[in-house]
Each structure stands twice: as C-alpha cells, then as structure tokens.
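Please look over the sequence and the model first, and then follow the sections in order.

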Amino acid sequence: MEIDGVFSGGGIKAFAFVGAYQVLTEKGFTFKRVAGTSAGSIVAAFIAAGYTVKEIEKALEELDTKSLLDPPKYSKTLPFLKWLNLYVRLGLYKGKALEKWLCKKLAEKDVYTFGDLPHDTLKVVASDLTNGRMIVLPDDLHLYGKDWREFSVAKALRMSCGIPFFFEPVRLNNGNGDSVFVDGGVLSNFPLWIYDNGKRIRPLLGLKLSSPAAEIPPQKINNGLNLFEALFKAMMNAHDNRYISRRHEKNIIFIPVEHIHATQFDLDEEAKEHLIQLGRSKTEQFLKSWLPVV
C-alpha cells in the first residue's frame, strides 16, 4: 500500500526510524511522499532517493557517528578554542562532515539536487532566524532567489539538521545579504501539517520520536540551565503539539526515546540496536490497530 510519511526530528535518536521502516516494509507499505525535520529529514531523503531499508541499515551500520563531529582544526591542539568558535562561528562543530557524508550517500543513488528527485516527493523544514520564519524546502527557495531544481539536497538537509550552538548555522545569500538557518525543529519538529492540508490523496503516517504529549511529564525548572532546556523544548514542540489532536494521534507511531539526548553521537552499537528494536516493537504494536484511510 502506498502512503505518505512524516518523520520528526530527534538527532541521533533517529536510529529508531530504521526499525520502524523495517516493519513497514515487511508489511507491504511504500512511501510515495515524505517529509521531515532535522534527523527525520535525512531518513525521508534516503527514502525519496530510493534507498531500501537494507541499504539504509548498511549505511548507518558503516557510519562512525563521532566522525560527523568536526571541530575547527586548531581546537584539536587547543580544545578550549572550540568554545571560541561557538562565539565567532555560532557552533561548536562545522557541520561540513555531515554534509559531505550526506552528499556521498545521495550520490550513490545519483541524487545531487532536488531536480534529481521525482517532483514533490520530499519536503524538508528549516528555520530562517534572520527573517524569523519557518521554511519548507524546496518550496520556499524562490524567497532566496534560488532555483529549486539546482539546489543541493544535502545542503537542504544540513540546513534542517543545524542544531543551534552545536553545528554552525548555514548561510544563504539572496543578493541582499545572508540569511542564517538552523535546525527546522526550532519551529516545527514534527511537520505533520505539510501533508495534512485538506488535499490528501493517500493515507498519512507520522513517526515521532517521543511519547504522546499527554504522557510527557512537565519540565522541572530550578536553575538557569533548566530554564534554557525548557525554553528550547517549548519552541520545538509547542506549535506541533497544538496542531496534533486525537484525530491525528491515531495516525502517528510514537517512539519514546526521551532517555537519549539528540546530540549523543557517541552511542555504542548496543544502544543503536536498542533504538532500532524499540522502533520495531512500537511499529508492530501500532499496526495491529491502524486503519490506513485517506
């Protein structure tokens, strides 16, 4: 059965999507259109590019996640200068290693730009801090004077995955100056609304790396660090949680991974396998009662 899919952000926790995709493939579901934010956009892009679940498994199995963390060269001899980079370049890590890896993997399927994908099959969310707006790629690239057919898919994914303060932001020049882009999750971490717009032509399935909102305990705010964490989580989830109703929840696979941090790039193989199995079990449980209707 053909369906549309939306994948939430969640950083390294996205290994759980592999288990979910395994089960969906085994049950005969095929994604026709996909959308995502941050790490969810990477999984969506791989699916849109034609990667099979086995190929995605292999790509992630071969990936040393720590190799995606690329601090400035000088910080290897003077580690404290990494924090200077945070002040000057707005991120601890450059993010170029991530983009290079994405480029390499997509090139294996002859995908370089959005023009290489079937039209309208992939949507990626990013946050434009300069202009204070959420954008959907490739749809909104005209706002920056860019031809979507020629725009790098890997660059779009890098824009969507730019965790604030962790990776350096991506800058785009539209002739009137730079626009600074960070993680799409800042404004919409689970963009189910992209395909739930009154024009659905096939069943829509969401995959979200968290428990339902009603089951997540409130934030404890006892100090400045707690306040920053609560503020960031509120920005990421408030818009989407307000949009998601009981009607939507019946079409969402919730995979609770709150015990792992999105930036925990030093996960060992046992932890990765645990995430994959969690994705499998939650998807198997969900499909027992799911009625895929338009």
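The model shown is a predicted one.

Lys-13 lies in the loop that runs between β1 (2-7) and α1 (15-26). With a relative accessible area of 13%, Lys-13 counts as buried, because the term applies to residues under 20%.

When neighbours within four places in sequence are left aside, the residues in contact with Lys-13 are Leu-209, Val-257, Ile-260, His-261, Ala-262 and Leu-275.

## Strand β2 and its partners

Strand β2, which spans residues 30-37, is mostly covered, since six of its eight residues are buried. The chain reaches β2 from β1 by way of α1, and this β-α-β crossover is right-handed.

β2 pairs with β1 in the parallel sense over six bridges, and within this pairing Ile-3 stands opposite Phe-31 of β2. β2 also pairs in the parallel sense with strand β4 (residues 122-128), here over four bridges, and Thr-37 stands opposite Val-125 in β4.

## Nonpolar cores

The largest nonpolar core has 75 residues, and those with the most contacts inside this core are Phe-7, Phe-31, Leu-122, Leu-137, Val-153, Met-159 and Leu-207.

Conventions:
Residues are numbered from 1 along each chain as its sequence is written. This is a predicted model: local features need pLDDT of at least 70, side-chain atom pairs count only at pLDDT 80 or more; totals for chains, interfaces and linings use all residues. Side-chain values use heavy atoms; hydrogens and water are left out. Helices (H or I, at least four residues) and strands (E, at least two) are DSSP runs, numbered from the N terminus. Buried means under 20% relative accessible area, exposed over 50%, partly exposed in between (1.4 Å probe, protein chains only). Contact means heavy atoms within 4.5 Å. Two strands pair if DSSP finds at least two bridges between them. A crossover is right-handed if, with the strands pointing away from the viewer, the path from the first strand over the helix to the second runs clockwise. A nonpolar core is a set of buried Ala, Val, Leu, Ile, Met, Phe, Trp, Tyr and Cys residues joined through side-chain atoms within 4.5 Å.
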